[in-house]
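Here are my notes on the model, as numbered points. Please read them with the structure open.

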Number of protein chains: 2
Amino acid sequence: MSLNLFNELSGVLDKSQVFEPHASSPYLHDSTESRGMKGKADLIVLPGTLEEVQKVVAYAYDHDLPMTLRGGGTGYAGGAVPEGGLVICLEKMNKVCSVDPLQWRLQVEAGVSTRRVQTVCRENGLLYPPDPGAAEQSQIGGNLATNAGGPHTFKYGSTGKWVTGVEAVTGWGEKVSFGGGFRKDVAGLDLGSLLVGSEGTLGVITRVHLRAMPALEKRYPVVGWYKSLREGCEALDYVRASGIQPAVLEYLDEGCIKWTQLSGAMEGSQFMLLTEADGTGEEAWAGRGILIEAVSEGALRVDAPLEEVAIADLWRWREGVGLGLAARWGGKSSEDIVVPLDRVEEAIRRIPEIGLKYGLEACSFGHAGDGNLHATFLLDFNDPDALASSQEAAEELFAMAIEMEGSVSGEHGIGKVKNGQLQHQWNPASVRLAQEVKKTFDPKGLFNPGKKLA
Amino acid sequence: MSLNLFNELSGVLDKSQVFEPHASSPYLHDSTESRGMKGKADLIVLPGTLEEVQKVVAYAYDHDLPMTLRGGGTGYAGGAVPEGGLVICLEKMNKVCSVDPLQWRLQVEAGVSTRRVQTVCRENGLLYPPDPGAAEQSQIGGNLATNAGGPHTFKYGSTGKWVTGVEAVTGWGEKVSFGGGFRKDVAGLDLGSLLVGSEGTLGVITRVHLRAMPALEKRYPVVGWYKSLREGCEALDYVRASGIQPAVLEYLDEGCIKWTQLSGAMEGSQFMLLTEADGTGEEAWAGRGILIEAVSEGALRVDAPLEEVAIADLWRWREGVGLGLAARWGGKSSEDIVVPLDRVEEAIRRIPEIGLKYGLEACSFGHAGDGNLHATFLLDFNDPDALASSQEAAEELFAMAIEMEGSVSGEHGIGKVKNGQLQHQWNPASVRLAQEVKKTFDPKGLFNPGKKLA
């Protein structure tokens with residue numbers, strides 16, 4: 001980094017908003033740090049307004065500086081790992097601009113945390129359903145950039161389904177804006193949906209209009225434990241055939257149950273299904289009955305806690321699975337493949353086999369109802385052989401997802417981790433088109449270079 | 001049209017799939033015919049397979065022939081009105097490729113009618129919620145091309161929310177494909193969502209993967225009649241504050257009630273609200289009670305029919321409103337503006353005022369819950385003055401939608417009718433970007449030229 005660059009950019013912004021990263025700066029990595037992924041950057045910049053983002057982008061565009069866009073840094077694909085140039089952090093753009101309880105909507109800046117969106121909605125009698133992990137740290141801009149999901153995506157859809165408007169800054173600092181605080185729009189091409197899931201490769205998302213819905217009165221989880229994958233997947237079918245739309249349909253496989261050793265797990269069970277009925281008190285209660293019946297088919301045990309505390313415990317426990325798995329050997333690498341629902345059982349069975357082939361313990365958990373499996377390889381990241389094996393295993397995993405006509409990513413995105421996979425999933429014409437569309441937003445290729453490559 | 005073109009194209013396809021349109025051919029117009037919109041075309045082509053679409057598009061691209069893409073021809077914006085060259089009709093591509101009841105999904109060719117999608121789902125215990133008008137004629141490809149909505153969009157979203165995969169043919173006959181028969185995907189840029197709402201300007205949609213949901217057991221409509229717009233809009237607020245998500249939230253204004261003279265309308269009432277509770281039997285029943293309470297606030301009368309026949313009658317009646325209005329003077333022009341929910345009352349009040357200014361009776365009805373108002377000017381299309389006035393009135397209507405920070409279209413699209421409006425709704429950078437994105441799909445500008453212009 002030249003002193004010149006620092007001086008010039010701190011002229012564009014305030015000095016306090018521009019700094020050089022030290023060697024262990026948190027701005028140089030995301031959740032893939034544990035896998036050894038760490039980047040480098042000349043400067044970290046923290047714009048506080050749309051106009052400041054425009055100035056920084058215009059400057060970067062004039063000077064051919066790569067820009068890595070950073071939300072909460074909770075990504076699992078290395079999408080926020082910089083490769084030189086600027087890291088543009090949205091954390092200072094953290095205003096909730098407006099909340100309209102009666103219109104079921106809110107408008108927030110990109111740096112507002114997911115939790116704050118959820119909380120603001122709850123305080124106004126509303127529900128914002130998307131519930132990706134790490135909601136305290138993750139930011140709504142990053143949620144859009146990866147079209148973040150979560151357990152409740154099964155009923156309510158991923159982040160993009162709740163977006164009605166997006167403001168962003170593209171090449172040369174131009175502000176673009178699509179949709180707004182209204183609920184339907186087919187006036188222009190849907191470039192807002194294109195920004196969703198773009199992983200920072202098209203521009204800087206600065207502001208978002210979100211829909212919300214009336215808060216739910218009740219949520220009742222129902223958990224089934226099964227003696228094998230087969231019985232568990234039969235129960236999955238029973239739930240889908242029950243005639244109702246559960247709010248979530250999550251699972252843990254044999255390895256997850258065995259290795260996490262979380263209290264509350266049923267010993268000897270090889271498959272756990274977690275589902276939930278929600279709605280008004282009556283609806284949720286009726287749904288709970290239907291789900292208990294569906295889940296009970298072939299189950300060793302069914303848990304259907306009623307107390308708020310027990311329900312909160314259950315969810316905390318579910319959220320602890322990732323950490324529990326990492327604790328076994330000190331690390332894990334998780335990939336979020338998607339398969340069609342009729343291939344879920346086969347995919348869950350093959351994941352540990354793939355691990356075994358590369359000498360790794362492997363298991364999976366996640367969003368059974370969406371066919372979105374968090375395939376997890378357990379390893380000690382200090383063991384370079386294991387790390388290399390986990391990468392080979394991941395390649396085989398992605399190949400399986402594509403062979404099953406699924407996707408290499410349902411939530412995390414491509415980032416750096418999955419570069420090169422899309423060419424196996426899409427035909428060359430589709431890949432070429434995506435590359436050309438990228439160029440229309442970012443003619444110089446300065447937004448998040450080296451990420452989401454086909 | 002040169003004989004040469006006919007011979008060459010009937011070499012590409014079978015002779016029976018290529019013909020010259022006669023002067024009164026139905027392939028030269030859509031629902032805007034009544035407004036005098038009629039196009040011209042050299043040839044009508046009816047490809048039956050993806051490969052045939054590819055051949056036709058490749059031929060057209062090689063010979064610089066404009067292509068107008070045609071679904072069921074039920075559009076209200078002139079999007080399927082040709083301006084020379086080829087009309088490519090998808091009606092022969094009408095196969096339901098697969099239905100998987102347990103996976104809540106189906107795969108259909110673009111020419112399958114909306115009604116058939118709905119019926120196939122129902123026969124398999126599923127619900128495909130989008131319910132645009134003219135479901136018998138409209139085709140799923142066209143539904144995607146306009147992101148078609150309908151009353152149930154309020155709870156369940158427009159067509160695009162139910163699409164998990166799109167196959168299309170773009171410039172030079174290249175097949176592209178995004179997503180598939182799986183439920184989550186963030187592997188590539190979301191070009192599938194971009195095709196949704198593109199009104200045939202990006203390529204030919206040939207095949208679609210759709211999500212569905214478990215069929216609903218019950219649907220109970222609740223109708224409130226109010227003495228004025230004010231009371232009606234207060235009731236709208238009560239419904240939105242009731243804590244539940246109704247399936248629909250439709251309205252008729254004073255003019256609609258007065259002029260349609262449909263039996264069943266409450267004389268003297270100036271506003272009607274139609275809402276619906278749905279779900280399992282218990283859910284729907286509980287929801288019905290909540291909605292009756294909310295709708296009753298300030299109502300002159302509340303109807304909440306329970307018999308299937310009475311419920312079907314009510315919906316048939318609601319669907320007849322458009323025809324009832326057209327009957328008054330022989331014609332009507334309806335535009336589908338969108339306003340933020342807090343501007344709905346004001347917009348409904350101003351629509352007849354705009355009509356009055358241009359000497360036209362005007363009223364509105366439609367999707368109050370989405371702020372998507374079908375503003376309707378009543379006129380005799382044989383009166384050229386009235387027709388010109390209705391166009392001026394529509395301009396003022398669009399200006400109002402934009403002034404209210406809404407959209408000029410929520411369902412119909414831009415087509416020919418609203419050409420030039422987007423430049424008032426979007427800033428120049430956003431418009432330019434959309435034009436550049438269009439070029440990546442259609443470098444020669446041959447897909448639906450003269451439509452969806454900013």
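1. Start with the seven-stranded sheet of chain B. This is a predicted model. The sheet is open, its 7 strands follow the order β15-β12-β14-β13-β17-β18-β16, and the pairing is antiparallel. At the edges stand β15 (299-303) and β16 (331-338) of chain B, each of which pairs on one side only. From one strand to the next, the twist averages 20°.

2. Look next at one pair inside that sheet. Strands β13 (residues 248-253) and β14 (residues 271-279) of chain B run antiparallel and are joined by 6 bridges. Tyr251(B) has Leu273(B) in β14(B) as its bridge partner.

3. Two helices belong with this sheet. Helix α10 (residues 308-319) of chain B lies across β12 (218-226), β13, β14 and β17 (361-367) of chain B. The angle between α10(B) and β12(B) is about 55°. Helix α11 (residues 321-329) of chain B also packs on the sheet, where it touches β13, β16, β17 and β18 (372-379) of chain B. The direction of α11(B) makes about 175° with that of β17(B).

4. A second open sheet in chain B has 4 strands. Their order is β1-β2-β4-β3 (chain B), and the pairing is mixed. β1 (18-19) and β3 (67-70) of chain B are the edges; each has a single partner strand, so one side of each lacks a neighbour in the sheet. β3(B) runs parallel to strand β4 (residues 86-89) of chain B, with 4 bridges between them. Leu69(B) is bridged to Ile88(B) in β4(B). Across β2 (43-45), β3 and β4 of chain B lies helix α2 (residues 50-62) of chain B, which runs at about 165° to β4(B).

5. Is strand β10 of chain B buried or exposed? In this strand (residues 204-211), 7 of the 8 residues are buried, so the rest of the structure largely encloses it. Strand β6 (residues 105-109) of chain B pairs with β10(B) in the antiparallel sense over 5 bridges. Here Glu109(B) stands opposite Arg207(B). Strand β8 (residues 163-170) of chain B also runs antiparallel to β10(B), and 6 bridges join the two. Val169(B) stands opposite Val204(B) in that pairing.

6. In chain A, check Gln17(A). This residue sits in the loop between α1 (3-12) and β1 (18-19) of chain A. Its relative accessible area is 8%, and the cut-off for buried is under 20%, so Gln17(A) counts as buried. The side chains of Gln17(A) and Glu52(A) make a polar contact of 2.8 Å. Beyond four places in sequence, Gln17(A) touches several residues, including Ile44(A), Val45(A), Pro47(A) and Lys92(A).

7. Now the two chains together. Chain B superposes on chain A by a rotation of 180° with 0.0 Å of shift along the axis, at an RMSD of 0.0 Å. The two copies are therefore related as by a two-fold rotation axis. In chain B, the C-alpha nearest that axis belongs to Glu283(B), at 2.5 Å.

8. Finally, the interface. Lys184(B), Val186(B) and Leu189(B) supply 13% of the area that chain B buries against chain A, more than any other three residues. Of the interface residues of chain B, 100% are also interface residues in chain A, so the copies meet through the same surface.

Notes: Residues numbered from 1 in each chain as written. Chains lettered and ligands numbered in written order. Predicted model: local features only at pLDDT ≥ 70, side-chain atom pairs only at ≥ 80, totals over all residues. Heavy atoms only, no water. Pairing = 2+ DSSP bridges. Contact = heavy atoms within 4.5 Å. Axes fitted to C-alpha atoms, helices over the stretch in contact; angles between N-to-C directions. Least-squares fit on C-alpha atoms with pLDDT ≥ 70 in both. Buried < 20%, exposed > 50% of the residue type's maximum accessible area, 1.4 Å probe, protein only. Polar contact = N/O pair within 3.5 Å; in protein donor to acceptor, adjacent residues only side chain to side chain. Buried area = accessible area lost by both parts, 1.4 Å probe.
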